Amino acid sequence: MFAWVIAYLVDNAVVLGGAASVLTIVEVVFAPFRSIARYRRKPEAVLIANPEVFAAPAPAAPPSGTIQMDVAAFTDLQKRLRDGARTELAQAHGYERKRLEEKIDALNQRLANPDEALAQQQAIIVRLEDQLSRRSNEIGGDDLAAAKAAVDQGDFAKAKALFETLNSRTTPDVRANADANFALGQIAEAEIRWQDAAAHYAKAARLDPCFEKLHKASEFSNKIGDYSLALRFSADLVD
């Protein structure tokens, strides 16, 4: 193949050389005209935008479903809760003393990693506000708005009262009752009430044994030391 190409170039050297010469002449003749055209071409207009366009936008209001505090404020709140629990601990006995010790330990864990703790509270708030919104037909508009505003500040009392009311109303509706108990479990978790959280999660898992509810029921049954119940929920979770 290579030998054939060499032979072809040798036989047609004159023709190929002539073609190359023609192309060179064309380039030499027209090159100056292209240069002149480029030189005389008018520059394209450049739009200079108003400098205000590039100004930093005004900070937007925090979206709904977020804790309206930074890490420093969140940390300060956890310290106040811990100090309050320590004061109560001095006068507590028996089960109440054990509950307060667990609360202080949990608060110390939050203070050790406040960014993660704040993110966990954020996740609970988003879930609670979503459930409140889905039940808006059963909740007065003012009560709903007040509960959401309080939750955004890390105060779960109003939401707890609403979900307790929903829990009593939704007894015939298994799925709705399970969701109400799950929400109450999340509030108890946020407030470091492990026994209450375990009871609500367990009821939610029995009514609606989905992955999320079984997982929480197993986790908090184990947390309060009810290991046989935790194993049953774990077995259901695996199934």
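Let me start at Ala230, which sits in helix α11, residues 227–238. Helices here are DSSP runs of H or I with at least four residues, strands are runs of E with at least two, and both are numbered from the N terminus. Before going on: this is a predicted model, where local features need pLDDT of at least 70, side-chain atom pairs count only at pLDDT 80 or more, and totals for chains, interfaces and linings use all residues. Numbering runs from 1 along each chain as its sequence is written, and side-chain values use heavy atoms, with hydrogens and water left out.

Is Ala230 buried or exposed? Its relative accessibility is 5%, so Ala230 counts as buried. The cut-offs are under 20% relative accessible area for buried and over 50% for exposed, with partly exposed in between, using a 1.4 Å probe and protein chains only. Leaving aside residues up to four places away in sequence, Ala230 touches Ser218, Ser221 and Asn222; a contact means heavy atoms within 4.5 Å. Ala202 is 28 residues away from Ala230 in sequence, and their C-alpha atoms are 9.4 Å apart.

Now the whole chain. It has 11 helices and zero strands. Of its 239 residues, 33% are buried. Taking contacts between residues at least 6 apart in sequence, 56% join residues at least 24 apart.

Next, pockets. On a 1 Å grid over the protein atoms alone, a pocket is an open set of points with protein on both sides within 12 Å along at least five of seven lines, and lining residues have an atom within 4 Å of a point. Points are joined across faces, edges and corners, and the volume is the space filled by probe spheres set on them.

The largest pocket has a volume of about 390 Å³. Among its 18 lining residues, Ala106, Gln109, Arg110, Gln120 and Trp194 are closest to the centre. Helices α4 (94–112), α5 (114–134), α8 (174–190) and α10 (211–223) each give two or more residues to that lining.

The second largest pocket comes to about 230 Å³. It has 17 lining residues, and Leu81, Arg110, Gly154, Ala190 and Glu191 lie nearest its centre. Both α3 (71–89) and α4 supply at least two residues of this lining.

Terms used
On a 1 Å grid over the protein atoms alone, a cavity is a set of points where a 1.4 Å probe fits but cannot get out, and a pocket is an open set with protein on both sides within 12 Å along at least five of seven lines; lining residues have an atom within 4 Å of a point.
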